[in-house]
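Let's take a walk through this structure together. Have the sequence and the coordinates open as you read.

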Amino acid sequence: MAQGPAPVQEPGAPVPADGPLVSPSVSSSSFSPGQQVVLSYQIVGAQGVVDEFPQTIEVAGLSIVYNGQTQRVSLNNGVRRVEIGIRYTVQSSEPGVYEIPPQSFSVGGTALEAAAVRVTVTEGPEVNDELLPTVQLTLGKTEFWKGEVIPVGVTILVHPAVQPLSQFFPQVKTPNFAVNRFDRSAGLEAREVNGQIWRAWQMESVLTALQAGAHEVGPAEIKAELLIPDPSSIGDPFGRQQGNRRSLTLTSNTVPVNVKELPLEGRPPDFSGTVGDFEIETEASPVTLKAGDPIAVEIAIHGAGNFDAITPPAMENPDGWRLYEARVSQENRSWGTEPGQIRFTQILIPEKLHTEIPAFVLHYFDPARGSYVTKRTQPIALTVTGEFKPAGEATMGARDFSGPVDATAPTEELGDILDQPLPAGRWVMVTAAAAPTHPWLLHGVPAAFLLLLLGGGVRRRLRAAAAARQPAPGTPRELWQILADLRRGTPGRREFHALVNEYLQAAPWHLKRPPAPGPALQEIATARDRWLYGPEDDAARQPVSDEERRRSLEILSQL
């Protein structure tokens, strides 16, 4: 048999001589699955703060969560009296009888122990089924191609007497499909259902099929916290309703679909799986350069479709070019059902004289045509000056030091150094005397020349190092620069979260890895989506609070 709430000492009663007391109570010792009740431990006669109390209470079949403290101070005949309450919320999804074991507390150095509490979770329906929200899952198409981006919608209909206590976050966990996270900014409208006006929350997303064949999409599931009135309270002439808090999992319908395999006929050899409708264009800088100088080519692809499958377009004729790995420099693609854009930066160096940069090629499958499409950019005119030396030309005319060295002195022709011809039949003895030379002239000039050569080499190295430190065109800003802008004041939340989005886009480039997934990344991504892509209302234009800024910087710095 369930026991009722344990008695609590009434305020104003004398404090026991042996010190403070603790007694437990529950707001209801009998409740229904999904309903929340409050478990409270009241400490009376405390002369100090609560030093220790249970942060968590583990009971199989129950969810018990710490919910804060209360404190009440009163005077009775000039005596100060303190009453402290430690509160928890209790909930269960399974009927049964549960016992919460004795709990230990410490107040002002005094150890206390509260008695055990027994609660009963009743069976049977706890609410009127007609009041429960309904969830409807819809798709933009039921027959589509593998890799095609398809709109998904979830509508939650809520009875006017039911009060949602949490946001709705649908999840569609369906094998063989990739489903994007649903938009957090749900649209709200009124709909008539059986003569009553219900509220309808509409949330949107997209999915992409990973496997061809007949499948079922759904169901969509939503974990909801709701305040649902008791059936007996509806229709109260005074408009009063008694409600119970419920934690429910709402489930939608499923949608059968047919996913078509992409055809083999006409498929390009280097097709990457891109499905949609796209355009491609390029621009290059510089287009007038010297032999050996690099060129930055910006490749822009815009349209609607599966951006996740797009890879950097290949150069149609790469002969005579040195190509470096292309990187994403800008991305604004939304979900793929509306026009978006992705940009790549391709660094290349000509290795011979060229008059133009060849075309870049993009292959994709157009679901509207049901066929493959190949698009090419226009070649870009190029002017290259200077000479490209073949690899072997650098050694032409060089002296061969591999043979034996002839150390014999050369034969002197005296006629080369005498201003008069030698008389016939006579020998002339010629001696050479050292010309007087100052030691500074002998050693200083070569040393100065050597320093000049070394100085020129150092200057060239310094210039090359400075050029190497300059970011390539399209490179994201350094993370410390973005953080510095985030620390400064910004006009509103939308501008602040635009910088947050820039940091999230630049982090994989500079960190050489994607940010580690987890609750912190999910939290800041949710805030970014809400303020950057949500409605531009007054809240979006409000300045960012110090607490918002501090929390965002803390998360970004730990990615």
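How many helices and strands are there in the protein chain? The chain holds 6 helices and 34 strands. Please keep in mind throughout that this is a predicted model.

**Overall picture**

Of the 559 residues in the protein chain, 36% are buried. The accessible surface comes to about 33,600 Å², and carbon and sulfur atoms account for 53% of that area. Among contacts with a separation of 6 or more, 71% join residues 24 or more positions apart.

The average pLDDT of the protein chain is 79, and 76% of the residues score at least 70. Confidence is lowest in helix H1, and it is highest in strand S31. The two elements compare like this:

| Element | Residues | Mean pLDDT |
|---|---|---|
| Helix H1 | 439–469 | 65 |
| Strand S31 | 360–366 | 96 |

Two stretches call for some care. Residues 1–17 stay under 50 in pLDDT, although the model has 33 contacts beyond four places in sequence for them. Where pLDDT is low, the predicted coordinates should not be read in detail.

In soluble globular proteins, nonpolar side chains tend to be buried together.

Leaving aside residues up to four places away in sequence, Phe-144 touches Leu-139, Ile-150, Phe-177, Leu-207, Ala-209, Val-257, Asn-258, Val-259 and Lys-260.

**A look at Asn-306**

Where does Asn-306 lie? Asn-306 sits in the loop between strand S25 (295–305) and strand S26 (314–315). Is Asn-306 buried or exposed? Its relative accessible area is 10%, so Asn-306 counts as buried, the cut-off being under 20%. Beyond residues up to four places away in sequence, Asn-306 touches Gly-147, Val-149, Thr-208, Gly-273, Thr-274, Val-275 and Phe-278. With Gly-147 there is also a polar pairing: a polar atom of the Asn-306 side chain lies 3.4 Å from the backbone oxygen of Gly-147.

Key: Residues are numbered from 1 along each chain as its sequence is written. This is a predicted model: local features need pLDDT of at least 70, side-chain atom pairs count only at pLDDT 80 or more; totals for chains, interfaces and linings use all residues. Side-chain values use heavy atoms; hydrogens and water are left out. Contact means heavy atoms within 4.5 Å. pLDDT is the predictor's confidence in each residue, from 0 to 100. Helices (H or I, at least four residues) and strands (E, at least two) are DSSP runs, numbered from the N terminus. Buried means under 20% relative accessible area, exposed over 50%, partly exposed in between (1.4 Å probe, protein chains only). A polar contact is a pair of N or O atoms within 3.5 Å; within protein, one must be able to donate a hydrogen and the other to accept it, and residues adjacent in sequence count only if both atoms are side-chain atoms. Accessible areas come from the Shrake-Rupley method with a 1.4 Å probe; for residues, only the protein chains shown count as cover.
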